[in-house]
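Q: Please take a close look at one part of this model, the aromatic rings and the core around them. How are they arranged?

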Amino acid sequence: MFQDDGSSSVTSSSALQFCSLMSLSPGFGSPHSLLKELKSEERGLYLIHLLLACANHVASGNLENANIALEQISQLASPDGDTMQRISAYFTEALADRILKSWPGLHKALNSTKISLLPEELLVRKLFFELFPFLKAAFVLTNQAIMEAMESEKMVHIIDLNAAEPAQWIALLQSLNARPEGPPHLRITGIHQHKEVLDLMARSLTEEAERLDIPFQFNPIVSKLENLEIEKLRVKTGEALAISSVLQLHSLLAFDDENHRRRSPLPFMNMNGPNSHRVLLMSQNTLGELLEKDLANGSSPSTDSASSSPLSLNASVKMDNFLNALWGLSPKVMVVTEQDSNHNGSTLLERLVEALHSYAALFDCLESTVSRTSVERLKVEKMLFGEEIKNIISCEGAERKERHEKLDKWIQKLDLAGFGNVPLSYYGRLQAKRLMQGYNCDAYKIREENGCIVMCWQDRPLFSVSAWKCRK
């Protein structure tokens, strides 16, 4: 395993040596001995250089040079190394998978025996819930918004668009039980594609409701979100309705992509210019800062560029129909949690650069809070982040589900669907802030944007939470 040497800056002599190395084209190979002597920051910069060069080769169809770049990256990347080595390993795997798709028969043959075990999938989601504060904070904010919207209501119906984590609703049951006016009759409709997950949810919530003596009913719907039949939600007259969507809506954008995709690659990014060399004389604390150094000075698309999300400027029929259907149910409140990233760009290079930024921050979270030898950390990085990266980089069309977009795009979509923003309360923000502070890491931050909450690592936005009600 490579260990960071602890140096916060690069000396002039090593910078000159590294500049010479960077000037070599990945298409012509590079001295193996020099690669092994690179310090942590130098190695990180060179890996970024190679990843961007490889992505350009893949996008332009130059598979020979892409293969050479992948071979060079494999000499430096490692799933158990430092942060840049770890993240490079998964981006390399994603680029290689995209290349293999040029030969569908080969790709299918290599993946024909691959199976996805539900217990493993549930385990890695649980590990993400435990290792990071983001979902816990989102649940706190969601429950507080529901509590405030349902004040004095006697019949409450909650629709959970991804009913996978009982902890959220167990906490809500306890809060409802503490209401001065007493708890309401509560009905939760849970949607998930796996019946086993819904059975576990039903059992956990029913046991808690019986313990608290709260009138409770759980209505399971086994379905993928894109196949959901709205009439199965069975919203009844007299019920006060709330909807919770946690990391779900972005997947619906995949179904309107086929007619909107632009296939032209971006111009090749010149990573040998003076700006990329100048950063070698600067200090580096986190991978996110390293990426900022190497990509910010004219090398990457803007993280807020509307052009990087083609569907933002076009009607998304599937999304529009779904949001319109939810609006037709007249919820008193709908709370939406989404990744606050821009991974829905039309070109490979756009998505790679944006994904490097956001997953760099997530990998930095683990680097700062969890041991490199942690099996749990490796599982989250490989089975969750690695698979998301592969979907963003390797897939196109309806197969590409991880279409994360920025908060301002979700505000536009929800506003057009007839929803009005409900500012999240100070008390909810205070609870979320205290929860994140409980992780004993100052880099976890929350900030308020137009009544919504954005959760960050350092200054990098990662997740957003927003609350909505129907405009009449």
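**The aromatic cluster**

A: In this predicted model, ring pairs join Tyr90, Phe128, Phe132, Phe134, Tyr359, Phe363, Phe385, Tyr439, Tyr444, Trp457 and Phe463 into a cluster. The structure as a whole holds 13 aromatic pairs. One of them is formed by Phe128 and Phe463, whose ring centres are 6.2 Å apart with 50° between the planes, a tilted arrangement. Phe128 belongs to helix α7 (residues 118-131) and Phe463 to strand β9 (residues 460-470), so this pair ties together parts 335 residues apart in sequence. Phe128 counts as buried because its relative accessibility is 8%, under the 20% cut-off. Phe463, at 5% relative accessibility, counts as buried too.

Phe132 and Phe385 form another pair, with ring centres 5.8 Å apart; their planes meet at 70°, so the pair is edge-to-face, the class for angles over 60 degrees. This pair also links distant parts of the chain: Phe132 sits in the loop between α7 and α8 (134-149), while Phe385 is in helix α15 (residues 375-394), 253 residues away. Both Phe132 and Phe385 are buried.

Leaving aside neighbours within four places in sequence, Phe134 touches Leu362, Cys365, Met436, Tyr444, Met455, Cys456, Leu462 and Phe463. In soluble globular proteins, nonpolar side chains tend to be buried together.

Lys136 lies over the face of Phe129, 4.4 Å from the ring centre. The charged end of Lys413 sits over the ring of Trp410, at 5.3 Å from its centre.

Of its 472 residues, 55% are buried. Among contacts between residues at least 6 apart in sequence, 80% join residues at least 24 apart. The accessible surface comes to about 20000 Å², and carbon and sulfur atoms account for 52% of that area.

Methods. Residues numbered from 1 in each chain as written. Heavy atoms only, no water. Phe/Tyr/Trp six-rings, centres within 6.5 Å; stacked < 30°, edge-to-face > 60°. Helix = DSSP H or I, 4+ residues; strand = E, 2+ residues; numbered from the N terminus. Buried < 20%, exposed > 50% of the residue type's maximum accessible area, 1.4 Å probe, protein only. Lys NZ or Arg CZ within 6 Å of the ring centre and 35° of its normal. Contact = heavy atoms within 4.5 Å. Areas by Shrake-Rupley, 256 points an atom, 1.4 Å probe, with all protein chains shown as cover.
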